[in-house]
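Hi,

Here is the structure I promised to pass on.

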Amino acid sequence: MGLPQANEQRLLDFLVGLLKVPSPTGYTQNAANYVMQNLTHLPGLDCAQVPKGGVMITFRGEIEEAPRGLTAHLDTLGAMVKVIKPNGRLQLSGLGGYCWNSVEGESCSVFTRQHKTLRGSLMITTPSVHVYGKKVEECKRDAENMEVRLDERTSSAAETRELGVEVGDFVSFDPRVEMVNGFIRSRHLDDKAGVACLVEAIHSLSETSLKPRHTAYFYLNNFEEEGHFAAADFPSPVSELLAVDMAAVGEGQTSDEFHTTLCVKDSSGPYHQGMCEKMRRLAEQKQIDYRVDIYPHYGSDASAFWNSGGNVPTALIGPGVEASHHYERTHLEALLSTTQWIMAYLLGE
């Protein structure tokens with residue numbers, strides 16, 4: 001049986017919309033709402049939030065026994081306010097694996113407890129070459145030397161607190177989404193690209209009245225960037241788990257921006273050999289052009305699932321993303337191939 005055709009425009013529209021919803025780890029409710037609003041109208045689908053805030057989607061299959069788990073993550077890199085400095089600016093504590101130089105000069109939003117959104121930008125403490133000379137280059141890009149310059153009239157800690165800012169407020173960096181010649185360039189493609197592929201696979205199967213072979217639980221995690229995943233979050237034990245996350249593109253890697261990739265090993269060790277072979281066979285049967293790669297500085301929800309007590313086979317696939325944890329880029333071809341691979345998995349034995 002052939003696979004349904006994914007709807008390119010729907011996939012891109014969903015992805016761009018999700019990219020524009022701030023969701024640093026720990027501040028993901030709006031992103032969860034966005035996903036559920038896009039899926040709740042589909043027949044045979046149940047969407048709910050687990051107590052920790054992630055989204056659980058149940059897609060009933062032809063067979064109830066041995067349900068399958070699929071996962072991607074809604075949360076992104078971001079920060080929290082660590083110190084309100086005497087000059088009224090903000091020192092941050094990072095969420096996830098940010099290199100501070102990757103967001104230097106980026107616009108950002110600060111979310112206060114009073115539900116106010118304040119705008120600003122992340123700067124080094126010595127930003128002007130006309131004032132600081134060589135110190136601009138010499139300044140180490142770390143948490144102590146970076147600060148948020150709020151777009152508010154404040155020059156003291158007291159004035160900043162009067163705006164409603166407090167330690168612990170979440171900070172999100174602007175995605176700056178742009179689509180050019182099939183490329184999607186944005187922050188936070190890790191892993192909103194993976195979420196978009198899962199959601200489009202669900203849409204494509206649903207509109208063609210196709211069911212998964214086995215009932216499938218889709219868990220959209222909201223703490224992946226900090227390594228959280230609970231096997232107990234699934235409504236019932238799953239027989240295997242497929243994680244969908246970005247494939248890292250760069251020197252020494254086989255991944256590229258135009259293909260989907262199977263990760264066979266990351267910093268946690270190898271994934272399940274039998275399930276990896278299963279994913280290869282499915283791709284080859286459906287003529288999906290894929291890559292195989294190893295990521296030495298990478299971890300995923302699949303490895304976190306094992307660390308949380310999960311004891312079933314896992315595998316990891318995803319679209320190639322260049323400049324991961326920086327200003328990222330992928331291509332529509334990689335998104336479509338990943339979506340096709342997900343559908344092949346759902347429909348397969």
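**Cysteines first**

The sulfur of C139 lies 15 Å from the closest cysteine sulfur, that of C99, which is too far for a bond. Before I go on, this is a predicted model: local features need pLDDT of at least 70, side-chain atom pairs count only at pLDDT 80 or more, and totals for chains, interfaces and linings use all residues. Residues are numbered from 1 along each chain as its sequence is written, and side-chain values use heavy atoms, with hydrogens and water left out.

Back to the cysteines. A disulfide is a covalent bond between the sulfur atoms of two cysteines. Counting a pair of cysteine sulfur atoms within 2.5 Å as a disulfide, a search of the whole structure turns up zero. C47 is in no disulfide either, and the nearest cysteine sulfur, in C197, is 17 Å away. Are these two buried or exposed? I call a residue buried under 20% relative accessible area, exposed over 50% and partly exposed in between (1.4 Å probe, protein chains only). C139 is buried at 13%, while C47 is partly exposed at 22%.

**Helix α7**

Helices (H or I, at least four residues) and strands (E, at least two) are DSSP runs, numbered from the N terminus. Helix α7 takes in the 13 residues 273–285, and at 1.5 Å a residue it should span 18 Å, which agrees with the 18 Å between its end C-alpha atoms. The expected span is 1.5 Å times one less than the number of residues.

Which residues of α7 are buried? They are M275, C276, K278, M279, L282 and A283. Seen down the axis of α7, the buried residues fall within an arc of 155°, so they line one face of the helix. That arc is taken from the directions from the helix axis to the C-beta atoms. On the other side of α7, Q273 and Q285 are exposed.

The buried residues of α7 are covered by elements including β3 (63–73), β15 (260–266) and α9 (332–347); contact here means heavy atoms within 4.5 Å. Just after α7, Q287 has a positive phi of about 55°.

**Strand β4 and its partners**

Two strands pair if DSSP finds at least two bridges between them. β4 (residues 78–84) runs antiparallel to β5 (residues 90–95), with six bridges joining them. I84 stands opposite L90 in β5. The two strands form a hairpin with five residues between them, and G88 in the turn has a positive phi of about 90°.

β4 also pairs with β9 (residues 170–173), antiparallel and over two bridges. There, A79 has V171 of β9 as its bridge partner.

Cheers
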